[in-house]
Amino acid sequence: MKLKGNYQIKQIADQKVAVYCTEDTADLRHAVSLSGSAEIIFKELLSGAEKDDLIRRLTENYDISEETAKKDVTDFLKLLYSYNLLDG
């Protein structure tokens, strides 16, 4: 899976945010606030991870079942697609 554009995770106040970046600036109009699990998923997407990788990372980091992780990943990916942030 591939994110559209160049996103970086930034700390803004007390919140982690995925921000669209160009060579010299961050565009906060295209920022996505991230929960702890969303940050893990987004970091994995930045490195080109596939859905199964995302599910595995959540089960490794949280005491949740694979079924719960699959639902959480699917829901987050749908959100990213709805914002037109993912290719494919």
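This is a predicted model: local features need pLDDT of at least 70, side-chain atom pairs count only at pLDDT 80 or more; totals for chains, interfaces and linings use all residues.

Q: Which residue in the loop between β2 and β3 has a positive phi although it is not a glycine?
A: A13, with a phi of about 55°. A13 is found in the loop joining β2 and β3.

Q: Why is A13 called exposed?
A: The relative accessible area of A13 is 70%. The cut-off for exposed is over 50%, so A13 counts as exposed.

Q: How do you know that the length of α3 agrees with its number of residues?
A: The helix has 17 residues, and at 1.5 Å a residue it should span 24 Å. The expected span uses one less than the number of residues. The end C-alpha atoms of α3 are 24 Å apart, so the two values agree.

Q: Which residues of α3 are buried, and what covers them?
A: The buried residues of α3 are A69, V73, T74, F76, L77 and L80. Their cover includes β1 (2–3), β4, α1, α2 and β5 (86–87).

Q: What does E66 touch, not counting residues up to four places away in sequence?
A: E66 touches I55 and T59. E66 and D52 are 14 residues apart in sequence, and their C-alpha atoms are 10.0 Å apart in space. For T68 and L58 the separation is 10 residues in sequence and 9.3 Å in space, C-alpha to C-alpha.

Q: Which members of the largest nonpolar core touch the most other members?
A: F42, L45 and L80, out of 21 residues in that core. The elements that give two or more residues to this core are β4 (26–34), α1 (36–46), α2 (51–61) and α3 (66–82). In soluble globular proteins, nonpolar side chains tend to be buried together.

Q: What is F42 in contact with, leaving aside its neighbours within four places in sequence?
A: F42 is in contact with L3, Y7, I9, A18, L34, F76 and L80.

Q: Why is E39 called buried?
A: E39 lies in helix α1. Its relative accessible area is 13%, and buried means under 20%, so E39 counts as buried. Leaving aside its neighbours within four places in sequence, E39 is in contact with I9, K16 and L34.

Q: How many aromatic pairs does the structure hold, and why is the pair of Y7 and Y20 called edge-to-face?
A: The structure holds 2 aromatic pairs. The ring centres of Y7 and Y20 are 5.5 Å apart and their planes stand at 70°. The cut-offs are centres within 6.5 Å and, for edge-to-face, planes over 60 degrees apart, so the pair is edge-to-face. This pair links distant parts of the chain, with Y7 in strand β2 (residues 7–12) and Y20 in strand β3 (residues 15–21), 13 residues apart.

Q: Are Y7 and Y20 buried or partly exposed?
A: Y7 has a relative accessible area of 6%, so Y7 is buried. Y20, at 27% relative accessibility, counts as partly exposed, because buried requires a value under 20%.

Q: What makes the pair of Y7 and F42 edge-to-face?
A: Their ring centres are 6.0 Å apart and their planes are at 75°. With planes over 60 degrees apart, the pair is therefore edge-to-face. The pair links distant parts of the chain: Y7 belongs to strand β2 and F42 to helix α1, 35 residues apart. Both Y7 and F42 are buried. Ring pairs join Y7, Y20 and F42 into a cluster.

Q: How many bridges join β3 to β4?
A: There are 5 bridges, and the two strands run antiparallel. Two strands pair if there are at least two bridges between them, so β3 and β4 count as paired. They form a hairpin with 4 residues between them, and A18 stands opposite V32 in β4.

Technical notes:
Residues are numbered from 1 along each chain as its sequence is written. Side-chain values use heavy atoms; hydrogens and water are left out. A nonpolar core is a set of buried Ala, Val, Leu, Ile, Met, Phe, Trp, Tyr and Cys residues joined through side-chain atoms within 4.5 Å. Buried means under 20% relative accessible area, exposed over 50%, partly exposed in between (1.4 Å probe, protein chains only). Contact means heavy atoms within 4.5 Å. Rings of Phe, Tyr and Trp (its six-membered ring) pair if their centres lie within 6.5 Å; planes under 30 degrees apart count as stacked, over 60 as edge-to-face and the rest as tilted.
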